[in-house]
Amino acid sequence: MNLLGSGIDLILTTARESYDPKNILDAVADFWPQGVFQDASEETTRPLAVVLTQEGELSSREFFVYQDETSAQSWRDNGKTAANANRMIHFLIQDDPSDSDRLQITIVIDEWNADMIRLSAALDVRLESGALGQPHKPLGRLNLDAELRAAGCLLNREQFYEEIERTRKASYPEWTQDELACHPQEALRFCETVRSKVQAPVPDHLIMKAMFNARKRKVI
Amino acid sequence: MNHYTDLAGYNGIRATVDWLFKAHQPPGSHPFGAYFTTLQRGTPNLAARLRIPKSKLQYVFEFTDAGDLRPLPGGRGQFIFYSPADYNVVKSRQLYAGVT
């Protein structure tokens, strides 16, 4: 059997005016922190973290994000295999043929599983497409590395996630992230503890958002 | 228009004067059909863009487009097309068949 028509194409749309490809990459980085970026017309790859911190606009209209360098190498050497399926997401951006104010974003995966459902839902929220429900309120892009630097924190995104998880498990071993968030006084105390550990005045919302992002990363 | 395949597919299709590309149900969500691409041999990241194993890129059939193939919905419709039934390519449309 020829496999040329394989894959699942999820088609979202987003406002042209507010579109920023780094928004997509940032959402994927929450799930694949070791993710690797590649423009579809280039041979070279770059870590997602590097692309996200580079100044200037990203002009790619077609690109891949691999789960990690091993996955990128596997796709480069073999194309699709049973082992690397769903470890690469293909993005294509083009004009929305039905609305000149919007862009159409095609997200290609191999098959639906729990991880891909979560990731596509996160992308849907970031793109404010409303494809999986009602239109969403705009969310500012969270570039955690930049936000941490702005708060005077010397840790990168990965180190910060690890510190958050370490602190949460040590201080609230019986609670899930949701249970902690449902106890505001304790959540504030938790944020204070994290700030003292990282020795920087990181805002509450960044700590709480990172706590939930850390949870999402664990299930991928 | 191009159709990439492996040795078994290559030998099967080239066995007749006219090329007959058999429709099938591809993995994923796409419709039953015979699938083709406008992407040429040597296109960077060809296997990734088509989401197929490299082993399926060993051979290619190239033929002139008659404008009767349907684009895949979404962005990949820029370069992936399909016929909802078996697709026949007569000799006058055939350009090249062989290794990539």
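Residues are numbered from 1 along each chain as its sequence is written, and chains are lettered from A, with ligands numbered from 1, in the order in which they are written. Because the model is predicted, local features need pLDDT of at least 70 and side-chain atom pairs count only at pLDDT 80 or more, while totals for chains, interfaces and linings use all residues.

Chain A contains 9 helices and 6 strands, where helices (H or I, at least four residues) and strands (E, at least two) are DSSP runs numbered from the N terminus. Of the 220 residues in chain A, 36% are buried; a residue is buried if 20 or more other C-beta atoms lie within 10 Å of its own, exposed if 12 or fewer, and partly exposed in between, with C-beta atoms placed from the backbone. Among contacts in chain A between residues at least 6 apart in sequence, 63% join residues at least 24 apart, two residues being in contact if their C-beta atoms, placed from the backbone, lie within 7 Å.

Beyond its neighbours within four places in sequence, V65(A) is in contact with L25(A), V28(A), W32(A), G35(A), F37(A), L48(A) and I89(A). In soluble globular proteins, nonpolar side chains tend to be buried together.

Helix α1(A) is mostly covered, with 8 of its 11 residues buried; among them are D26(A) and D30(A). The axes of α1(A) and helix α4 (residues 114-127) of chain A come within 9 Å and cross at roughly 150 degrees. Axes are lines fitted to C-alpha atoms, for helices over the stretch in contact, and angles run from 0 to 180 degrees between N-to-C directions. The two helices α1(A) and α4(A) are therefore roughly antiparallel, given that angles under 35 degrees count as roughly parallel, over 145 as roughly antiparallel, 65 to 115 as roughly perpendicular and the rest as oblique. In this pair, N23(A), I24(A), A27(A), D30(A) and F31(A) of α1(A) meet L119(A), A122(A), L123(A) and R126(A) of α4(A). The contact of α1(A) with α4(A) has 6 nonpolar, 1 polar and 2 charged residues; Ala, Val, Leu, Ile, Met, Phe, Trp, Tyr, Cys and Pro count as nonpolar, Asp, Glu, Lys and Arg as charged, and the others, Gly among them, as polar.

Helices α6 (residues 157-171) and α8 (residues 184-198) of chain A have axes that come within 10 Å and cross at roughly 130 degrees, which makes α6(A) oblique to α8(A). Residues making this contact include F160(A) and I164(A) of α6(A) and F190(A) and V194(A) of α8(A). Also found in helix α8 of chain A is E192(A), which counts as exposed because it has 12 C-beta neighbours inside 10 Å.

The contact between the chains takes 30 residues from chain B and 28 residues from chain A. On the side of chain B that touches chain A, α2(B) gives the most, with 4 residues.
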